[in-house]
Amino acid sequence: MWILDTLKKKAESSDIAVICREQSLTYSQLWHQSEAAAGYILEKCTTQNPVLIYGNKELEILALMIACLKTGHAYVPLDITYPQERVCNICQDVEAELVFNCSEISLDMNSDVQVLEREQIKKILQQPCQKEISDERYVKEGDNCYILFTSGSTGKAKGVQINRRNIENFVGWFSRECLEKQENGIVMNQVSYSFDVSVIPLYIFLGAGKCLFSIDKEMLDHTKVLFEYLGKSGINVWVSTPTFLEMCCFDDSFNETLLPGLRKIILAGEILTKQLVSQLNEKFPKAQVINGYGPTEGTVLLSSCVITTDMMNDEKMLPIGKVLPDGIYKIVDDEGNPLKEGETGELVISSKSISTGYFKNPEQTQKAFFEEDGKQWYRTGDLVFEEKGLLYYISRKDTQIKLNGFRIELNDIAENLNALDMVSNSVVLPSWKDGRVSFLTAFVTLLYRDQGKSDLKVGIDIKKQLKLRVPSYMIPKKIVILEHFPMNINGKIDRKKLEEEYL
């Protein structure tokens, strides 16, 4: 089931493809708008370089992403939480000729890059395509469909390449887990397009002819507005991170009365707790809960399972499930030696879902990927153990964490903190609650400080400057100003002591 094949079959259908607030697009409108955008891309682009799409949940974004697939261009989705500097850096990295700015935020880009603003985009999408886009131009099996830029330990984002073969493999196995037999279905489309969990609504559910119900950033910032739209949504399938669902569960009105048709809850991106599942079982007794695990490099998910009563009653944490059907995996120690069942080690995996590597970044690619027996393998950096065919996630091997579903390298934040004029050095540490990262704390030593300013005001200044360099979800909640860092016996910063004294 390839998304372009489904959309082509529904090219004249009046079925609703996507809803956002009071606006909607039929499958027919979506198809013809993507044809118009594809024609524009083919006319304006002189290379096959990736195309940048900047925005949140604007309806135009779906047509633009599909247009890229039709023209053989990879798209790079960037959310409005990305600051100007990072957008410019990514644009340079991929050598983009074309940027579609679907937001109301102005982008100041290099003069040799064409930036189309939202009103221009709308006009293009409404123009009839002069000539039908030949499927000969569509992305081929080994062509990149999208590139997602994730946090990198060097302070520079890494572009994860996902090609058509990767996506088809993912859709092929996970659709069996989450697609219902009924013809109709409304699926929540909440996750940012710059985060890989958004691939589930797009490639699986839209690719199966379902209707997406979009939740934009403004709704997320105003719970009352969010619940008003949810109450009118009629959604049958929920797709999000556990943190977002947990936030909704705090409200007593979030239950089966609000969403009477909800039958499936798909959660991914971070640790799922028994406490949350217990709440869901109480609020939505007819809904099935699916727990998914996977890094961006593995095309969204590499394992999944339906949460059962036995799993809830087991003394262990909830499993992340069984590895996808074509997956070959090992759990290894620090020397790469395979471990026995029940022993904790790093998950190393091979599958058709595994990315070919990071875009134009051979150094980082070599660290994370390797070839063996003619297959591409990926070192996940995740510590897991296996018991009775099920995998259980323990923690990260390095400094990478998940916060509210977003993958973040703590060193990425520290590198950008250290680039600020007043900062001498920094360490960023997570605070944990119920097995998940609750918030981030940055410990900072200063080169100088304005006279008379308290630590609180200095911290506010640092946050303001950092916000110009990294997405808002990477801004630490707390800034702790130190005269100097504690050191361990090896002369390194004693992170354990920082945790004990401040977290």
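Predicted model: local features only at pLDDT ≥ 70, side-chain atom pairs only at ≥ 80, totals over all residues.
**Stop 1: the largest pocket**

The largest pocket has a volume of about 1,200 Å³. Now colour α8 (217–221), α10 (242–249), α11 (274–283) and β24 (436–446). Each of these elements gives two or more residues to the lining. Which classes of residue make up this lining? It has 15 nonpolar, 11 polar and 10 charged residues.

**Stop 2: the second largest pocket**

Next, select Tyr393, Arg396, Gln400, Ile401 and Trp432. They lie nearest the centre of the second largest pocket, which is lined by 46 residues. The space here is about 860 Å³. Several elements give two or more residues to this lining, among them β19 (375–387), β20 (390–396), α14 (410–418) and α16 (495–502). Which element gives the most? Show β23 (423–433). With six residues, β23 gives the most to the lining. By class, the lining divides into 21 nonpolar, 13 polar and 12 charged residues.

**Stop 3: two crossing helices**

Move to helix α3 (residues 59–71) and helix α5 (residues 118–126). Their axes come within 11 Å and cross at roughly 60 degrees. The two helices are therefore oblique to each other. Their crossing is left-handed. Show the side chains at the contact: Glu60, Ala63 and Leu64 of α3, then Arg118, Ile121, Lys122 and Leu125 of α5. This contact has four nonpolar, no polar and three charged residues.

Notes: Residues numbered from 1 in each chain as written. Heavy atoms only, no water. 1 Å grid on protein atoms, 1.4 Å probe; cavity = no way out; pocket = protein on both sides within 12 Å on 5 of 7 lines; lining within 4 Å. Points joined across faces, edges and corners; volume = space filled by probe spheres on them. Helix = DSSP H or I, 4+ residues; strand = E, 2+ residues; numbered from the N terminus. Nonpolar A, V, L, I, M, F, W, Y, C, P; charged D, E, K, R; others polar. Axes fitted to C-alpha atoms, helices over the stretch in contact; angles between N-to-C directions. Parallel < 35°, antiparallel > 145°, perpendicular 65-115°, else oblique. Left-handed = near helix turned anticlockwise from the far one by under 90°. Contact = heavy atoms within 4.5 Å.
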